[in-house]
Amino acid sequence: MTTSPSSSAQAAREIVAQRLRDLRRAAGLTVVELATGCGWHHAKTSRIENARTAPTATDIRLWCRTLGVEEQADGLIAQSLHAESMYTEWRHRTRSGLKQLQDSAVTFFHQTELFRVYSSSLVPGLLQTEGYAAAVLGMSARFRDLPVDDSAEAARARVERSRIIHERGHRFVLLVEEAVLHYRIGDADAMAAQLGHLLTASALPAVSLGIIPAVAHREQWPRETFHVYDDTLVSVELISAQVRITQPSEIALYAKAFEQMRRTAVYGAAARALVVKAIEALA
């Protein structure tokens, strides 16, 4: 069983908060005394120690200077920045537009050798057609009330980014629930084109497409969409935010869940039959 991604991010914040609290207690200072030394209200100290407020780099330096442990500041700042980078709200990630979001991952994609993607709701971005991607990104722009809807440009950028599936040096192991083939994203023509693309893309040597049948006996229930990049990063997509997980033990949990779900999927001719069935259902 995987842990909640948002809980993982909060846990990382709490570790920093506890380290700061332990330093204060070891120095023998009260919450009020520390606050006085830092020049802020004691309520701020409580919020930081209880992980309700993330400390800034300046906060941490003042904290450590007041306690006489300035040599620990840099390490704590790095740990705090890591905790905050785990959880990034979509409203921050999309404020420069959806196209920029697609472009920002290009270099990282080229550095990644093994992509493992599980999706319970959408065709994975790496296999999306432009029409399907435009429909997905258009819904996202409307849902998030973006001031500028650049979903058409973002869809073209996503398709361009996905050409990596044709390049050597990468492997793609992709899992989707059968329901993904039947969710109507865009109009019938866009769905037909997308399903047809799945038939051709799944035949590529570097691509393994597994489809988990609705009637499969499961070891894992459907999960939130997540991507495992090599063994170094897991990206989890929530409604409100993207969570980036780099803790090896947590990455191992996601890899374990992925492998269990992969065993319930069908491949090759059996997977193509499910896609063809979905195409026929469009009529």
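1. Contact of H9 with H10. In this predicted model, helix H9 meets helix H10 through Glu130, Ala133, Ala134, Val136, Leu137 and Gly138 on the H9 side, and through Ser151, Ala154, Ala155, Arg156, Arg158 and Val159 on the H10 side. By class, this contact of H9 with H10 comprises 7 nonpolar, 2 polar and 3 charged residues.

2. Geometry of the H9 and H10 pair. H9 covers residues 130–143 and H10 covers residues 151–161; their axes come within 8 Å and cross at roughly 130°. At that angle H9 is oblique to H10. The handedness of the H9 and H10 crossing is right-handed.

3. Packing of H2 on H4. Helix H2 (residues 31–38) packs with helix H4 (residues 57–67) at an angle of about 110°, and the two axes are 9 Å apart. The angle falls in the range of 65 to 115 degrees, and H2 is therefore roughly perpendicular to H4. H2 passes H4 in a crossing that is right-handed. H2 contributes Leu34, Gly37 and Cys38 to the contact, while H4 contributes Leu62, Trp63, Thr66 and Leu67. The residues of the contact of H2 with H4 divide into 5 nonpolar and 2 polar, with no charged residue.

4. Phe108, Phe109, Phe115, Phe172 and Tyr229 form one aromatic cluster.

5. Burial around tyrosine 229. Phenylalanine 115 and tyrosine 229 are both buried.

6. Aspartate 230. Aspartate 230 is not a glycine, yet its phi is positive, at about 50°. The residue sits in the loop between S5 and strand S6 (233–237). With 22% relative accessibility, aspartate 230 counts as partly exposed.

7. The loop between H3 and H4. Alanine 51 lies in the loop between H3 and H4. Although alanine 51 is not a glycine, its phi is positive, at about 60°. Is alanine 51 buried or exposed? Alanine 51 is buried, its relative accessible area being 10%. Arginine 52 is placed in the loop between helix H3 (42–49) and H4, and this arginine is exposed, with a relative accessible area of 59%. Neighbours within four places in sequence aside, arginine 52 is in contact with Ser46 and Arg47. Arginine 52 and arginine 13 are 39 residues apart in sequence, and their C-alpha atoms are 8.8 Å apart in space.

8. Valine 215. Valine 215 is found in the loop between strand S4 (207–212) and S5. Its relative accessible area of 78% is over the 50% cut-off, and valine 215 is therefore exposed.

9. The chain as a whole. The protein chain has 13 helices and 7 strands. Its C-alpha trace spans about 70 × 40 × 35 Å along the principal axes. Of the 283 residues of the protein chain, 46% count as buried. Among contacts with a separation of 6 or more, 74% are between residues 24 or more positions apart.

Methods. Residues are numbered from 1 along each chain as its sequence is written. This is a predicted model: local features need pLDDT of at least 70, side-chain atom pairs count only at pLDDT 80 or more; totals for chains, interfaces and linings use all residues. Side-chain values use heavy atoms; hydrogens and water are left out. Axes are lines fitted to C-alpha atoms, for helices over the stretch in contact, and angles run from 0 to 180 degrees between N-to-C directions. Helices (H or I, at least four residues) and strands (E, at least two) are DSSP runs, numbered from the N terminus. Angles under 35 degrees count as roughly parallel, over 145 as roughly antiparallel, 65 to 115 as roughly perpendicular and the rest as oblique. A crossing is left-handed if the near helix is turned anticlockwise from the far one by less than a right angle, and right-handed if clockwise. Contact means heavy atoms within 4.5 Å. Ala, Val, Leu, Ile, Met, Phe, Trp, Tyr, Cys and Pro count as nonpolar, Asp, Glu, Lys and Arg as charged, and the others, Gly among them, as polar. Buried means under 20% relative accessible area, exposed over 50%, partly exposed in between (1.4 Å probe, protein chains only). Rings of Phe, Tyr and Trp (its six-membered ring) pair if their centres lie within 6.5 Å; planes under 30 degrees apart count as stacked, over 60 as edge-to-face and the rest as tilted.
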